[in-house]
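I opened the model to look up a few local features. My notes follow in the order I took them.

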Amino acid sequence: MARDPSEDTGDTGRRGDGAPAGPPRPGLGHALTGRAAILAVVVCAIALSLAYPVREYVAQRQEIAQLEHRQAEARRQVDELTRHEQRLGDRSYIEREARRRLRYCMPDEKCYIVLDGGDGGGTPAGGSGTGRRPPWYETLWRSVRDADRPR
């Protein structure tokens, strides 16, 4: 004899094939349940609460990289200045620079300055001065005079 699943006395709420008892509700699989809504709100709250710290973390990492770059530049500059300081401690370097920049001569030397050309730094032999720069004080005075002139 065949057994009718609706006559089941065990009231498990299921039919004999394992499907839920009663008429199926329309759109049950697509409806937003209360648990899903709460889960979505919790996920959004977590995402929003993590957004600011993550942004700050990224900004701090960029700042650290920038500071490391500046530190490397400062170290290079310190190394260069240390080398320059060591050169300044060398007497021959000082003498060479004094001769080159200041045109100094040692007491037992005879020094000559050639005035007729080349890159000796003297005035050209023509005397016109068209190719030379004016001294710094003339440039300064000219800029002060131009600044006082009414426009």
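**Entry 1: cysteines.** I am working from a predicted model. I started with Cys105, which is partly exposed at 35% relative accessibility. Next I looked up Cys111 and found a relative accessible area of 41%, so I put Cys111 down as partly exposed too. I then checked the sulfur atoms: Cys105 and Cys111 are joined by a disulfide, with an S to S distance of 1.7 Å. That distance qualifies because the cut-off for a disulfide is a sulfur pair within 2.5 Å. I noted the count for the model as one disulfide. I also looked up Cys44, which has 47% relative accessibility and is partly exposed.

**Entry 2: aromatic rings.** How many aromatic pairs does a search of the whole structure find? I noted one aromatic pair. The partners are Trp136 and Tyr137, with ring centres 5.8 Å apart and 85° between the planes. I recorded the arrangement as edge-to-face, because planes over 60 degrees apart fall in that class. I then looked up accessibility for both partners. Trp136 is exposed, at 65%, whereas Tyr137 is partly exposed, at 48%.

**Entry 3: annotated segment.** I turned to the UniProt record, an unreviewed entry, which annotates residues 57–84 as "coiled-coil region". I compared this with the model over residues 57–84 and found 100% helix and 0% strand. I also took the span of the segment: the end C-alpha atoms of residues 57–84 lie 40 Å apart.

Key:
Residues numbered from 1 in each chain as written. Predicted model: local features only at pLDDT ≥ 70, side-chain atom pairs only at ≥ 80, totals over all residues. Heavy atoms only, no water. Buried < 20%, exposed > 50% of the residue type's maximum accessible area, 1.4 Å probe, protein only. Phe/Tyr/Trp six-rings, centres within 6.5 Å; stacked < 30°, edge-to-face > 60°. UniProt positions renumbered as here; feature names shortened; annotations may be inferred. Helix = DSSP H or I, 4+ residues; strand = E, 2+ residues; numbered from the N terminus.
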